[in-house]
Amino acid sequence: MCGPSPAATAVDAPAVLGWQKWRDIEAAHGLGLISRQLQALSSHGLLVPAPVPVLAQLVLSAVTEAALLIANAEDPDTAREEAGQALRALFAGMVMNR
């Protein structure tokens with residue numbers, strides 16, 4: 001194993017670092033990436049009309065929650081499949097129908 005799993009990180013990091021420090025790291029890395037990608041989609045007319053900063057925070061929250069569901073599942077493989085399916089459905093609703 002090359003390091004902690006993403007699921008373990010989602011569970012352990014807030015406890016080790018403290019909630020606010022963990023949120024700051026999420027915002028600096030994950031939120032920035034998500035915001036840039038959503039802004040690019042928006043600028044190409046591919047995103048439903050909505051405030052990008054709010055969408056980015058909600059996307060980050062959904063992905064974080066999916067990681068926690070997987071990390072705490074009795075069957076992580078099934079949980080990963082189901083979380084992926086649910087996230088795809090959620091994100092599909094953000095794309096403009098052309």
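**View 1. Arg80 and its salt-bridge partner**. Arg80 is partly exposed, at 45% relative accessible area (buried is under 20%, exposed over 50%, partly exposed in between; 1.4 Å probe, protein chains only). The model is predicted: local features need pLDDT of at least 70, side-chain atom pairs count only at pLDDT 80 or more, and totals for chains, interfaces and linings use all residues. Residues are numbered from 1 along each chain as its sequence is written, and side-chain values use heavy atoms, with hydrogens and water left out. The side chain of Arg80 meets that of Asp77 in a salt bridge, 3.0 Å from N to O (a side-chain nitrogen of Lys or Arg within 4 Å of a carboxyl oxygen of Asp or Glu). Asp77 is exposed, at 57% relative accessibility. Both residues sit in helix 4, residues 76–92. They are three residues apart there, so about one helical turn separates them. Side chains of opposite charge can pair when their charged atoms come close. The structure holds one salt bridge.

**View 2. A negative patch on the surface**. Glu74, Asp75, Glu81 and Glu82 gather here. Patch residues have over 30% relative accessible area and no salt bridge; like charges are joined within 9 Å, nonpolar side chains (Val, Leu, Ile, Met, Phe, Trp, Tyr) within 5 Å. Asp and Glu count as negative, Lys and Arg as positive; His and the chain ends are not counted. Each charge is placed at CG of Asp, CD of Glu, NZ of Lys or CZ of Arg. Glu74 belongs to the loop between helix 3 (52–71) and helix 4. Its relative accessible area is 87%, and Glu74 is exposed.

View 3. Val16 lies in helix 1, residues 6–17. Val16 is exposed, with a relative accessible area of 68%.

**View 4. The chain as a whole**. Along the sequence the pattern reads α-α-α-α. Of the 98 residues, 24% are buried. Among contacts with a separation of 6 or more, 60% join residues 24 or more positions apart (contact: heavy atoms within 4.5 Å). The accessible surface comes to about 6,700 Å². Carbon and sulfur atoms account for 63% of that surface.

Methods: Helices (H or I, at least four residues) and strands (E, at least two) are DSSP runs, numbered from the N terminus. Accessible areas come from the Shrake-Rupley method with a 1.4 Å probe; for residues, only the protein chains shown count as cover.
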